[in-house]
Amino acid sequence: MRNKRSGLLICSRQIGKTVASIAELITRTIQGPENTANAYLAPTQTQARKIAWPELKRQISPGMAFCDVSETQLKITFPGNRIIYVLGSESGDNLRGLSIRTMVADERDSISDEFWRTVVLPMFNEYAEDSFILSIGTLSGAESTLWKLYLDHRDDPEWYCAVVPAETSGCFTPEWLAHQRKMLGESAYLRELQCSPDAPVENAVIGEEMAECGREGRIQGIPYRPGVEVWTSWDLGIRDFTAVWLFMLYGRNIEWLAYREFSEIGTIEVISRLQAEFPRVKWGEAILPHDAKAREKSTGFSVVDAFWERWQGPVHCFQSAPNPIATVQAARLNIPRSYFDERNCEKGVGRLRSASYIVDQKTGTVTDRVKHDDNSHCFDSFRYACWRIESSYSSMATSNMGLIHRPKVSGSLA
């Protein structure tokens with residue numbers, strides 16, 4: 001990690017990540033240039049004072065006589081005016097203006113992205129190429145900031161990334177792990193001790209089914225099969241993003257080739273980008289939600305019109321919104337025969353695991369309504385596809401079918 005620009009450690013609880021990262025922070029401070037400031041950042045000042053500050057003083061105790069320790073400011077000054085601050089992210093404006101060369105960001109998932117962009121990142125402007133950030137923590141789920149950073153940078157030569165689960169760390173006995181599994185429950189155990197993004201979130205809609213999919217090895221490399229139609233299922237973004245699943249029907253299996261999200265661009269541009277990214281595929285049916293038929297007042301055109309103009313296959317638009325409970329059930333029924341491409345569906349799989357039900361705030365009961373967030377857009381696109389597949393084989397659902405073919409173009413589920 002010493003030769004990298006950034007570091008990332010995703011670790012089990014109680015494994016010593018804070019102890020190790022503080023040791024790294026001290027080493028980089030005393031070996032760094034004079035008159036520089038470095039920092040340990042926790043989600044709150046209280047957390048920083050209780051956990052990091054005592055550990056920092058313990059580790060420097062052999063050289064404490066050569067340091068100036070400020071208990072009120074949580075600040076240690078080493079010889080050569082090399083400083084370590086212990087900070088909490090709730091301090092907000094009090095941190096603006098600091099210039100930091102090296103930082104440890106603990107429990108990164110609990111530090112807001114807005115604070116990171118507007119307060120933390122500007123701290124490194126003075127040192128630019130010489131700065132270093134080590135982000136550490138325990139996963140909060142597949143959509144956690146730490147996991148997103150890992151997916152984005154695991155192959156980046158400028159980053160050092162490591163995932164250290166409890167069972168392979170060598171730090172715990174099998175008996176202790178078995179006890180923790182029993183006490184925490186399977187989901188919390190997998191997430192907090194095994195660093196598994198597959199662990200279902202609380203009140204997940206299809207979290208258990210997706211976890212089973214991972215355990216059975218159905219998240220793997222999925223090659224495109226030349227000549228087999230690639231279908232797409234769409235959730236259209238108006239104020240947010242458009243979510244698109246690409247899949248093939250092969251035998252009794254559903255092979256999910258890719259998942260993509262598009263923001264702040266029109267439907268025609270989305271179609272163009274997909275066709276440019278996958279130039280050799282044979283396009284099958286495009287599955288659209290019922291509101292794709294709505295015409296914009298300014299242009300008089302609908303999303304369906306855009307598909308008629310640009311799509312290279314048949315188009316299916318639901319006549320009305322499919323029943324949410326029925327579509328969720330269709331998703332559950334189809335996951336056991338689904339296979340997902342490990343890389344191209346990575347974000348989509350994470351979102352499917354994280355889609356959750358709304359909890360009634362008054363009664364604390366879990367409703368049958370899916371929480372509307374970024375994960376729900378991905379899940380909506382997925383359940384539309386599954387419902388379309390189910391309804392195509394069921395005469396009971398024909399009242400909600402509305403296959404719209406381009407002239408002289410046909411498509412089938414065969």
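Trainee: What does the chain average in pLDDT?
Mentor: This is a predicted model, and the chain averages a pLDDT of 87. Of the residues, 92% score at least 70.

Trainee: And where does pLDDT stay under 50?
Mentor: Over residues 395–414. The model has 47 contacts beyond four places in sequence for that stretch.

Trainee: OK, strands. How does β10 pair with β11, parallel or antiparallel?
Mentor: Antiparallel, over five bridges. Tryptophan 231 stands opposite phenylalanine 247 of β11 there. With β13, β10 pairs in the parallel sense over four bridges, and valine 230 has tryptophan 283 of β13 as its bridge partner.

Trainee: What else does β13 join?
Mentor: Strand β14, residues 315–317, which runs parallel to β13 and is joined to it by three bridges. As for cover, six of the seven residues of β13 are buried.

Trainee: Back to β11. Is that strand enclosed or open, and why?
Mentor: Largely enclosed by the rest of the structure, because nine of its 10 residues are buried. β11 also pairs with β12, antiparallel, over 10 bridges; methionine 248 stands opposite glutamate 255 of β12.

Trainee: How many residues sit between the strands in that hairpin?
Mentor: Two. Glycine 251 in the hairpin of β11 and β12 has a positive phi near 65 degrees.

Trainee: Which residues touch the most other members of the largest nonpolar core?
Mentor: Trp245, Phe247, Trp256, Phe340, Leu352 and Phe382, out of 34 residues in that core. At least two residues each come from α8, β11, β12, α11, α12 and α13. The most come from α13, which gives eight.

Trainee: What is phenylalanine 247 in contact with, leaving aside its close sequence neighbours?
Mentor: Beyond four places in sequence, the contacts of phenylalanine 247 include Val230, Trp231, Trp256, Ile287, Ala385 and Ile389.

Trainee: Aromatics next. How many pairs?
Mentor: The count comes to 16 aromatic pairs. One of them is tryptophan 245 with tryptophan 256, edge-to-face, at 5.3 Å centre to centre and 75 degrees between the planes. Tryptophan 245 is in strand β11 and tryptophan 256 in strand β12, 11 residues apart. Tryptophan 245 is buried, with a relative accessible area of 0%, and for tryptophan 256 the value is 0% as well.

Trainee: And phenylalanine 318 with tyrosine 384, why is that pair called tilted?
Mentor: Because the planes are at 55 degrees, with the ring centres 6.1 Å apart; over 60 would count as edge-to-face and under 30 as stacked. Phenylalanine 318 lies in the loop between β14 and α11 and tyrosine 384 in helix α13, so the pair ties together parts 66 residues apart in sequence. Both residues are buried.

Trainee: Which residues form the aromatic cluster?
Mentor: Trp231, Trp245, Phe247, Trp256, Tyr259, Phe340 and Phe382.

Trainee: Last one: where is tyrosine 224?
Mentor: In the loop between β9 and β10. Tyrosine 224 is partly exposed, with a relative accessible area of 25%. Its side chain reaches the backbone nitrogen of lysine 282 at 3.0 Å, and tyrosine 224 is also in contact with Val230, Met248 and Leu257, among others.

Methods
Residues numbered from 1 in each chain as written. Predicted model: local features only at pLDDT ≥ 70, side-chain atom pairs only at ≥ 80, totals over all residues. Heavy atoms only, no water. Buried < 20%, exposed > 50% of the residue type's maximum accessible area, 1.4 Å probe, protein only. Pairing = 2+ DSSP bridges. Core = buried A, V, L, I, M, F, W, Y, C linked by side-chain atoms within 4.5 Å. Contact = heavy atoms within 4.5 Å. pLDDT = per-residue confidence, 0-100. Polar contact = N/O pair within 3.5 Å; in protein donor to acceptor, adjacent residues only side chain to side chain. Phe/Tyr/Trp six-rings, centres within 6.5 Å; stacked < 30°, edge-to-face > 60°.
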